[in-house]
Amino acid sequence: MRSSLRCLLFILAAIVLYPAPAVSGPDFPAGFPSEFPLFQGCEVIQVMTMEGNDPVLLDCGSTPLEDISGFYSAAAKDAGWEMLMETKTPEGVFFLVEKGEKAFQVQLGTESGTTQGGLTYVSKQQ
């Protein structure tokens, strides 16, 4: 189980350590789907804008992982996004949803009582 969290954190670290794209301030990128607002209790750490791929890194403090993932899962369902993949462990959650030419992924992990993760919006229209 811990290896899943380590893998998630490695991926997030790679995104943070190798930000070839332009890095902007702590707001969602322009065009980020409005049906996925920032979960109350989370803070945007970093936003990267790449062509067709907009990762947003979050720090959610002690907010329970289940609360955050449930919020984004319900938002996706309510807005008509189709769940393509979902993986849950005690330390982490990953899911991918799709709607037309758009995809949205949520990846969250908890370690030592702190929840962090990322939201990524991908437009397949290039």
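The following dialogue examines a predicted model of one protein through questions and answers.

Visitor: How many helices and strands does the secondary structure of the protein come to?
Guide: This is a predicted model, in which local features need pLDDT of at least 70, side-chain atom pairs count only at pLDDT 80 or more, and totals for chains, interfaces and linings use all residues. Residues are numbered from 1 along each chain as its sequence is written, and side-chain values use heavy atoms, with hydrogens and water left out. Helices (H or I, at least four residues) and strands (E, at least two) are DSSP runs, numbered from the N terminus. The elements run α-β-β-β-α-β-β-β-β from the N terminus on, and the secondary structure comes to 2 helices and 7 strands.

Visitor: What percentage of the residues in the protein is buried?
Guide: Buried means under 20% relative accessible area, exposed means over 50%, and partly exposed lies in between (1.4 Å probe, protein chains only). The protein has 126 residues, and the buried share of them is 37%.

Visitor: Why is strand S7 described as largely enclosed by the rest of the structure?
Guide: Strand S7 covers residues 114–123. It is largely enclosed because, of its 10 residues, the number buried is 7.

Visitor: Which residue in the turn of the hairpin formed by S6 and S7 has a positive phi?
Guide: The hairpin of S6 and S7 has 2 residues between the strands. A positive phi of about 55° belongs to a residue in this turn, namely Ser112.

Visitor: Which residues does Thr120 touch, not counting residues up to four places away in sequence?
Guide: Thr120 lies in strand S7 and is buried, with a relative accessible area of 8%. Contact means heavy atoms within 4.5 Å. By this rule, Thr120 touches Asn53, Asp54, Pro55, Ala103, Phe104, Gln105 and Gln107.

Visitor: How many aromatic pairs does the count come to?
Guide: Rings of Phe, Tyr and Trp (its six-membered ring) pair if their centres lie within 6.5 Å; planes under 30 degrees apart count as stacked, over 60 as edge-to-face and the rest as tilted. By this rule the count comes to 8 aromatic pairs.

Visitor: What is the centre-to-centre distance in the stacked pair of Phe36 and Phe104?
Guide: The planes of Phe36 and Phe104 are 5° apart, and the centres of the rings lie at 3.8 Å.

Visitor: How many residues apart are Phe36 and Phe104?
Guide: Phe36 is buried at a relative accessible area of 0%, and Phe104 is buried at 0%. Phe36 belongs to the loop between strand S1 (22–24) and strand S2 (43–49), whereas Phe104 belongs to strand S6. The pair thus links distant parts of the chain, with a separation of 68 residues.

Visitor: Which residues form the aromatic cluster?
Guide: The rings of Phe39 and Phe71 have centres 5.1 Å apart and planes at 70°, so this pair is edge-to-face. Phe39 lies in the loop between S1 and S2 and Phe71 in helix H2 (residues 65–78), so the pair ties together parts 32 residues apart in sequence. Phe39 is buried at 13% relative accessible area, while Phe71 is partly exposed at 29%. One aromatic cluster is formed by Phe32, Phe36, Phe39, Phe71, Tyr72, Trp81, Phe104 and Tyr121.

Conventions
Pairing = 2+ DSSP bridges.
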